Amino acid sequence: MIDADNQQATAKAEVLRDYQLERRTFGAPYDIVRSSWRHEGCAKARRPKKLNKEQGSILVGLLLGDGHLEAITRDQTYRLKVEHSLKQKEYVDWLYGQFADFIRNEPYTRIKSLYEKQFSCYGFTTYSSELFRFSAQQFYAGKKKIIPKLFGELIDPLALAVWFMDDGSFKSKHHKTYIIHSVGYTKSDLEIVRKILREKFGIKIALHKQCSRWRIYFLSETADKFRKLIEPHMIPSMRYKLG
């Protein structure tokens, strides 16, 4: 018979084994360090008490772009969902690494249908947390995304770079400037962006109408300033968007 002390020691060893940090490399210099959380009690104990500065900036960029916050418990806790084409795997892996403390599962791959075509998506979902509540209150009016009134305080070069990696593109070799496909926002929302980018960074944009939607067009006179601002934060696989 195994005595109580041995049982306790064995259980402790198993817990330590289960929660030992695992390191997985998805291409230097972007290493992903995450914890294997297999028990709810330990997961709660290890949950971050706040977002760090980098996570906060990246979250702003994601919510301006393709990231989504989903309400879980009566609009008190939210989870972050990130999903892109499988071609952007390195970008998703980088984002996954930035939010590893909020994630229990590995990234997933699934087949998505759009306009009768199928393609592979790659993404992840965090666990629900009250730490995402402030961002949800700023970026959503009901279920619709908006540009927050605090945009000027929230936006920084890293957030802008993430927004561009999500939704941006190089216009053309002829125009030598950039676009953010901000088609989900109203013109009045994007007027806030135009005002703040000029005041805070000296970057000038125009708003171009595409059918009934609007997109951001960076004026060529400050396009190089925009590039220099975001380039240090662009991961290697996404720098093709800079032209």
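Of the 243 residues of the chain, 42% count as buried, where buried stands for under 20% relative accessible area, exposed for over 50%, and partly exposed for values in between (1.4 Å probe, protein chains only). The model is a predicted one, in which local features need pLDDT of at least 70 and side-chain atom pairs count only at pLDDT 80 or more, while totals for chains, interfaces and linings use all residues. Residues are numbered from 1 along each chain as its sequence is written, and side-chain values use heavy atoms, with hydrogens and water left out.

The chain has nine helices and twelve strands; helices (H or I, at least four residues) and strands (E, at least two) are DSSP runs, numbered from the N terminus. With a contact taken as heavy atoms within 4.5 Å, residues 24 or more positions apart account for 62% of the contacts in the chain that have a separation of 6 or more.

Helix α4 (residues 89–98) is mostly covered, with seven of its ten residues buried. These buried residues are Tyr91, Val92, Asp93, Trp94, Leu95, Tyr96 and Gln98. Strand β12 (residues 213–218) is also mostly covered, five of its six residues being buried.

Strand β12 has pairing partners as well, two strands being paired if DSSP finds at least two bridges between them. Strand β10 (residues 178–180) pairs with β12 in the antiparallel sense over two bridges, and isoleucine 179 stands opposite tyrosine 217 in β12. Strands β11 and β12 also run antiparallel, joined by six bridges. Here leucine 207 has isoleucine 216 of β12 as its bridge partner. The two strands β11 and β12 form a hairpin with two residues between them, and cysteine 211 in the turn has a positive phi of about 60°.

The structure holds zero disulfides, a disulfide being a pair of cysteine sulfur atoms within 2.5 Å. Cysteine 211 is exposed, at 75% relative accessibility, whereas cysteine 121 is buried, at 2%.

Charged side chains come next. Side chains of opposite charge can pair when their charged atoms come close. A salt bridge is counted when a side-chain nitrogen of Lys or Arg lies within 4 Å of a carboxyl oxygen of Asp or Glu, and by this rule the model has nine salt bridges. One of them joins the side chains of glutamate 83 and lysine 112, at 3.8 Å from N to O. Glutamate 83 belongs to strand β4 (residues 78–85) and lysine 112 to strand β5 (residues 108–114), so this pair ties together parts that are 29 residues apart in sequence. Glutamate 83 is buried, with a relative accessible area of 17%, while lysine 112 is partly exposed, with 32%.

The side chains of arginine 194 and glutamate 191 meet at 2.7 Å, N to O. Both residues lie in helix α8 (residues 187–201), three residues apart, about one turn of the helix. An α-helix has 3.6 residues a turn, so residues three or four places apart point the same way. Arginine 194 counts as partly exposed at 29% relative accessibility, and glutamate 191 is likewise partly exposed at 29%.

Lysine 204 forms a salt bridge with glutamate 221, with the closest N and O atoms 2.9 Å apart. This pair links distant parts of the chain, 17 residues apart: lysine 204 is in the loop between α8 and β11 (205–210), and glutamate 221 is in helix α9 (residues 220–230). Lysine 204 is partly exposed, with a relative accessible area of 26%, and glutamate 221 is exposed, with 58%. Elsewhere, salt bridges that share partners join Glu83, Arg110 and Lys112 into one network.

Lysine 145, found in strand β8 (residues 144–145), deserves a separate look. Lysine 145 is buried yet has no salt bridge, and the nearest side chain of opposite charge, that of aspartate 66, is 6.3 Å away; in this count Lys and Arg are positive and Asp and Glu negative, with His and the chain ends not counted. The side chain of lysine 145 does reach the backbone oxygen of glycine 65, at 2.8 Å. A polar atom of the lysine 145 side chain also lies 2.6 Å from the backbone oxygen of glycine 67. Leaving aside neighbours within four places in sequence, the contacts of lysine 145 include Leu62, Leu63, His68, Phe139, Tyr140, Tyr185 and Asp189.

Definitions and conventions: A polar contact is a pair of N or O atoms within 3.5 Å; within protein, one must be able to donate a hydrogen and the other to accept it, and residues adjacent in sequence count only if both atoms are side-chain atoms.
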